[in-house]
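I opened the model to look up a few residues and how the strands and helices go together. My notes follow in the order I looked.

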Amino acid sequence: MLGARGGWQALRRCASLPRAVRLRVRQALGAREPADAVRVQGWVRSVRSQKEVLFLHINDGSSLESLQVVADPSLEKRDLTFGSAVEVQGKLVKSPHRMQNMELQAEAIRVVGPCDIWSFPLKMKERHPLEYVRQFPHLRCRNNTLGALLRIRSEATAAIHSFFQDNGYVHIHTPIITSNDCEGAGELFQIETPGEAKESAKKTHFFNVPAFLTVSGQLHLEVMAGAFTHVFTFGPTFRAENSQSRRHLAEFYMVEAELSFTESLQDIMQVMEDLFKTVTSTVLSKCPRDVELFHKYIASAQKGRLEQMLKHKFMIISYSEAVEILKQAPQTFTFKPEWGCDLQTEHEKYLVNHCGDVPVFVVNYPYDLKPFYMRDNEDGPQHTVAAVDLLVPGVGELCGGSLREERLPFLESRLQRLGLTDSYQWYLDLRKFGSVPHGGFGMGFERYLQYILGVDNIKDVIPFPRFSHSCLL
């Protein structure tokens, strides 16, 4: 009986102790009032031990800024080092320092996971260049720059979804494995099982037809645009370009949209511009410190460019006008500009600079340059299609779109000339049953991030660089 009574009294004593509230670092930094019992978990970014006080800075990825922890030196442990994972409990108080609103007065520090600072490739208070951290794809997210990038990616992703949902678009999950080559360039990753690879001579396929990783969700979106007037998708796409350049990725994310009942390329361009500006404004307002890190240390002129971009309408020029501008350029290009030839990156960057360093829409491309699904302008003598590319400073092409060919005779004729009629019979069916004028576009997400942050190498805006440090994660 006494034992039971004693246990009950102990339980009451435990219940009377203040229960520590778990806070993220961002919440602690933004708190308006002190708190008596707080618990914060994260990784140590710096340790400074003095005779009468111990200072820590811990970060949990929720913000660029770390939370300062002030503790008695008696709480210091041998394994309390840079990079170690810790849990700190104590009081949240007003900080006397101008640069930080709150700090944590530690009452208990527990090292959850130690870190060997001698073999850890990231060093305390050292500003590692992007080229260096690219060697460590499994650790680079702990670097300030990459942490900022990943928060920006997260906010930009949410902003893209919000834009389309606020404007009445239906989100479609388009397939990653497909039998279609939307771009017509043949740069696809083909999927084979181990058995297929061994028995390739027998021409057997897991799906009964050759299967590839998707290069675009557009054709599947067009299917859905026959039932929903506004649709979009946002997912991974793949290009088998044998290039290790700063501009190319084998895997990247693509934002794509289709609009039914539209006969104007201007409508498509307006959505592209609105999406671009809305998402950028959201990122700048929600991640100001993260974006500032890039604009301060990587691309000092980018902040001014973005401000100009948000204030002004994007320019519009025709492909024919673009070629004439390039022909009159005072510089010599590696690829000579000629009507009927595709615009190269050097051409795109020159055009943007020529137009005042603002985004530029180039419209009405040569008929023979573009895929079969783009709408014939029926013009002459220079035959064009209703296509548009959005060019931005420092990057070149960011978005590409067009009106789609909704007229069955035109589409049948072109597919027949290309020898694709059998492969795209289902696509022709879309024009037989309730076809409407429609169009759409796609935007490379990583190129978008590359532009707003001013990053030179596109591999520095992805979470995991491929084939880095002899490992593929």
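**Leu391.** I asked which residues Leu391 is in contact with, leaving aside neighbours within four places in sequence. Contact here means heavy atoms within 4.5 Å. I found Glu348, Leu351, Val352, Val358, Pro359, Val360, Val362, Gly396 and Glu397. Leu391 lies in strand 15, residues 384-392. Helices (H or I, at least four residues) and strands (E, at least two) are DSSP runs, numbered from the N terminus. Leu391 is buried, with a relative accessible area of 0%. Buried means under 20% relative accessible area, exposed over 50%, partly exposed in between (1.4 Å probe, protein chains only). I also checked Met315: Leu391 and Met315 are 76 residues apart in sequence, and 9.8 Å apart in space from C-alpha to C-alpha.

**Ground rules.** I note that this is a predicted model, where local features need pLDDT of at least 70 and side-chain atom pairs count only at pLDDT 80 or more, while totals for chains, interfaces and linings use all residues. Residues are numbered from 1 along each chain as its sequence is written, and side-chain values use heavy atoms, with hydrogens and water left out.

**Thr384.** I stayed in strand 15, where Thr384 is also found. Is Thr384 buried or exposed? Thr384 is buried, at a relative accessible area of 5%. Its side chain makes a polar contact of 2.9 Å with the side chain of Asn377. Another polar contact, of 2.4 Å, joins the side chains of Thr384 and Asp379. A polar contact is a pair of N or O atoms within 3.5 Å; within protein, one must be able to donate a hydrogen and the other to accept it, and residues adjacent in sequence count only if both atoms are side-chain atoms. Not counting residues up to four places away in sequence, Thr384 touches several others, including Trp339, Tyr365, Pro366, Tyr367 and Arg375.

**Cores.** Next I looked up the nonpolar cores. A nonpolar core is a set of buried Ala, Val, Leu, Ile, Met, Phe, Trp, Tyr and Cys residues joined through side-chain atoms within 4.5 Å. The largest one has 65 residues. Ile160, Phe164, Leu275, Phe276, Met443 and Tyr448 have the most contacts inside it. I picked Phe164 and left aside neighbours within four places in sequence: Phe164 is in contact with Tyr169, Phe232, Val255, Ala257, Leu275 and Phe441. A second, separate core has 29 residues, among them Leu343, Tyr350, Val360 and Met374.

**Strand 11.** I then took strand 11, residues 230-238. Eight of its nine residues are buried. Strand 11 runs parallel to strand 7 (residues 170-171), joined by two bridges. Two strands pair if DSSP finds at least two bridges between them. Val170 stands opposite Val231 in strand 11. With strand 12 (residues 251-260), strand 11 runs antiparallel, over nine bridges. Thr233 has Glu256 in strand 12 as its bridge partner.

**Strand 6.** How many bridges join strand 5 to strand 6? I read 10, and strand 5 (residues 85-94) runs antiparallel to strand 6. Lys91 has Gln105 in strand 6 as its bridge partner. Strand 4 (residues 67-71) runs parallel to strand 6 (residues 102-113), and two bridges join them. There, Val69 is partnered with Leu104.

I found an open sheet of three strands in the order 8-10-9, with antiparallel pairing. Strand 8 (177-178) and strand 9 (190-191) stand at the edges, each with a single partner strand, so one side of each is left without a neighbour in the sheet. Strand 9 and strand 10 (residues 211-213) pair over two bridges. Ile191 stands opposite Ala211 in strand 10.

**Helix 9.** Which residues of helix 9 (residues 302-311) are buried? I listed Gln302, Leu306 and Met309.

**Totals.** Of its 473 residues, 47% count as buried.
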